[in-house]
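Let's take a walk through this one together. Have the sequence and the 3D view open side by side.

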Amino acid sequence: MKRNYIFPLILCIFTIILALGYCRQQTEVRRVLTENQRLWNENRDLRKSLEQSNNISRQIDDRQAVQQRVAGQFVERRAYYRRNWQQFITVTTSDYRTGFLGGIKNLSITVRNQTEYPVDNAVVTVQYMRNNGEVFKTEQYTINNIPEKSERSVAASNSRKGSKVNVKLVSITSQAMNFCWAAGKPAPAGNPDPFECVPSPPKNP
């Protein structure tokens, strides 16, 4: 009878051993699958992070390129206005009144700034002229803070003599445009941009 129980017992033990081995194998498979999933998620997150970094890098490069282009245009535009300032900065007078026997009243001086940069100050001389063209007197006025694409006026004094006036710009200063001009300061010969307040550094060849 004992022999009849031995074989089922051995079979049972063997089945238990196989079941334990299978459980350990399944546990190991699940561990490997979990580890693979974790590595896959890490790789996915790493790819996303790398793509974001590349996008940010491209945006920075594009922004720097735009800034460089804008800076280049800024410098070129300022130089253009400096070299051609007489087309953009002008002085005029109002419709003043003249007396029957001479004399000037209600005179104002207007400086017009058609550049894209503010003018800090413009100095103007006003000559009061007689009928024969002789200068009766000369006065000087300073007009400050003329905005870009705008104009500013000042009232000039009346004159008991004179039939007309002659106005001239004497000097102009604009820090924003790096522009300093004066009528009594001759432009250096051979300098294509002689009215820079601070000369630009030479460009590398």
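The model is predicted, so to speak in its terms: local features need pLDDT of at least 70, side-chain atom pairs count only at pLDDT 80 or more, and totals for chains, interfaces and linings use all residues. Residues are numbered from 1 along each chain as its sequence is written, and side-chain values use heavy atoms, with hydrogens and water left out.

Start with the charged pairs. Side chains of opposite charge can pair when their charged atoms come close. A salt bridge here is a side-chain nitrogen of Lys or Arg within 4 Å of a carboxyl oxygen of Asp or Glu, and that rule gives six of them. One of these joins Glu-116 to Arg-77, with the closest N and O atoms 3.1 Å apart. This pair links distant parts of the chain, 39 residues apart: Arg-77 belongs to helix 1 (residues 2-83), while Glu-116 sits in the loop between strand 4 (108-113) and strand 5 (119-129). Helices (H or I, at least four residues) and strands (E, at least two) are DSSP runs, numbered from the N terminus.

How open are the two partners? Glu-116 is partly exposed at 38% relative accessibility, and Arg-77 is partly exposed too, at 29%. On this scale, buried means under 20% relative accessible area, exposed means over 50%, and partly exposed is in between (1.4 Å probe, protein chains only).

Next, look at Arg-130 and Glu-134, whose side chains meet in a salt bridge at 3.9 Å, N to O. Arg-130 is partly exposed at 27%, as is Glu-134 at 42%. Glu-139 and Lys-137 form another salt bridge, at 3.3 Å, N to O.

Now for Ser-171, in strand 8 (residues 164-174). Is Ser-171 buried or exposed? It is buried, with a relative accessible area of 17%. Leaving aside residues up to four places away in sequence, Ser-171 touches Asn-121, Ala-122, Val-123, Trp-181 and Ala-182, where contact means heavy atoms within 4.5 Å.

Finally, check the backbone. Most residues other than glycine have a negative phi. Asn-106, in the loop between strand 3 (104-105) and strand 4, has a positive phi of about 55 degrees. Asn-145, found in strand 6 (residues 135-146), also has a positive phi, near 55 degrees. Asn-106 is partly exposed at 46%, whereas Asn-145 counts as exposed at 54%.
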